[in-house]
Amino acid sequence: MTNTTELDTKAPERAYPRMTFGDGNTLTCTTGGEREIPALLGMKTKDAALGVFYSALEALGVHAEAKAQMVAAMYAELEPRDGIEAMLVGQMTATHIAMTVTASKLSGANLYDVRESHERSMTRLSRTYLAQMDALKKYRAKAQQVVRVERVTVHDGGQAIVGEVRHGGGGAR
């Protein structure tokens with residue numbers, strides 16, 4: 001009997017850059033071509049895409065070496081479709097990393113004031129992350145707003161239209 005994992009049934013992995021750190025904390029970003037990062041971020045211009053991508057890496061600060069590969073992978077996972085989505089994905093990744101780093105500090109804190117401070121930070125970061133997720137969801141659904149009427153009651157003397165109604169602009173002629 002073969003054991004099939006969930007990964008076996010999904011689409012193949014998207015291409016994304018590989019990060020390595022060298023001497024002097026120098027980051028090397030290896031791509032499959034000059035259009036890989038713009039395609040990964042769903043952006044039209046190379047300069048804008050590189051700016052958003054490197055800004056997301058800079059947001060990691062001292063945790064860049066340990067988490068840089070995750071930033072690139074999150075772009076592949078969430079598949080942004082334009083610059084706004086790419087910026088949100090970068091922000092969400094930075095917020096998530098900050099929250100997990102804070103959780104690690106909280107678990108090692110012995111002083112009440114320090115624990116309290118980390119708990120407040122985690123609460124704020126959690127709320128921020130949820131707001132970012134909501135913003136991405138709303139942004140992606142902007143063109144898909146549908147109003148569905150489940151039940152219509154028409155009383156004596158009333159009128160109803162069943163079907164699609166479009167409103168044209170312009171007013172009276």
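User: Is Tyr75 buried or exposed in this structure?

Analyst: This is a predicted model, and every value below is computed from it. The general idea: a residue counts as buried under 20% relative accessible area. Tyr75 has a relative accessible area of 1%, so Tyr75 is buried.

User: How many helices and strands does the protein chain have, and in which pattern?

Analyst: The protein chain has five helices and two strands. Along the sequence, the pattern reads β-β-α-α-α-α-α. The protein chain has 173 residues, and 24% of them count as buried.

User: How do I read a pair of aromatic rings?

Analyst: Now the case here. The structure holds two aromatic pairs. In one, the ring centres of Phe53 and Tyr54 lie 5.6 Å apart, and the planes meet at 65 degrees, so this pair is edge-to-face. Phe53 is buried, at 0% relative accessibility. Tyr54 is partly exposed, with a relative accessible area of 33%.

User: What pair do Phe53 and Tyr75 form?

Analyst: A tilted one: Phe53 and Tyr75 are 6.0 Å centre to centre, with 45 degrees between the planes. This pair links distant parts of the chain. Phe53 sits in helix H2 (residues 46–58), Tyr75 in helix H3 (residues 64–78), and the two are 22 residues apart. Taken together, Phe53, Tyr54 and Tyr75 make one aromatic cluster.

User: Which charged residues lie over the face of a ring?

Analyst: Look at the distance from the ring centre. Arg18 lies over the face of Tyr16, at 4.2 Å from the ring centre. Lys142 lies over the face of Tyr139, and here the distance is 4.0 Å.

User: How many salt bridges does the whole structure hold?

Analyst: The general idea is a distance test: a side-chain nitrogen of Lys or Arg within 4 Å of a carboxyl oxygen of Asp or Glu. The search finds six salt bridges. One of them joins Arg18 and Glu13, with the closest N and O atoms 3.3 Å apart. Arg18 is partly exposed at 39% relative accessible area. Glu13 is exposed at 62% relative accessibility.

User: Which residues join into one network of salt bridges?

Analyst: Start with Glu85. Glu85 is buried, with a relative accessible area of 2%. Glu85 forms a salt bridge with Arg81, the closest N and O atoms being 3.5 Å apart. Glu85 also has a salt bridge with Arg140, and there the closest N and O atoms are 3.0 Å apart. Arg140 lies in helix H5 and Glu85 in helix H4 (residues 83–108), so the pair ties together parts 55 residues apart in sequence. Arg140 is partly exposed, at 25% relative accessibility. Shared partners join Arg81, Glu85 and Arg140 into one network.

User: What does His118 touch in this structure?

Analyst: Read contacts beyond the sequence neighbours. Leaving out residues up to four places away in sequence, His118 touches Thr102, Lys105, Leu106 and Ala109. His118 lies in helix H5 (residues 112–140). His118 is buried, at 16% relative accessible area.

User: Which residues make the nonpolar surface patch of about 410 Å²?

Analyst: Look for nonpolar side chains at the surface. Val147, Val149, Val152 and Val154 make this patch. Val149 is placed in the segment after H5. Val149 counts as exposed, at 57% relative accessibility.

Definitions and conventions. Residues are numbered from 1 along each chain as its sequence is written. This is a predicted model: local features need pLDDT of at least 70, side-chain atom pairs count only at pLDDT 80 or more; totals for chains, interfaces and linings use all residues. Side-chain values use heavy atoms; hydrogens and water are left out. Helices (H or I, at least four residues) and strands (E, at least two) are DSSP runs, numbered from the N terminus. Buried means under 20% relative accessible area, exposed over 50%, partly exposed in between (1.4 Å probe, protein chains only). Contact means heavy atoms within 4.5 Å. Patches are made of residues with over 30% relative accessible area and no salt bridge: like charges are joined within 9 Å, nonpolar side chains (Val, Leu, Ile, Met, Phe, Trp, Tyr) within 5 Å. Accessible areas come from the Shrake-Rupley method with a 1.4 Å probe; for residues, only the protein chains shown count as cover. Rings of Phe, Tyr and Trp (its six-membered ring) pair if their centres lie within 6.5 Å; planes under 30 degrees apart count as stacked, over 60 as edge-to-face and the rest as tilted. A charge sits over a ring if NZ of Lys or CZ of Arg is within 6 Å of the ring centre and within 35 degrees of the ring normal.
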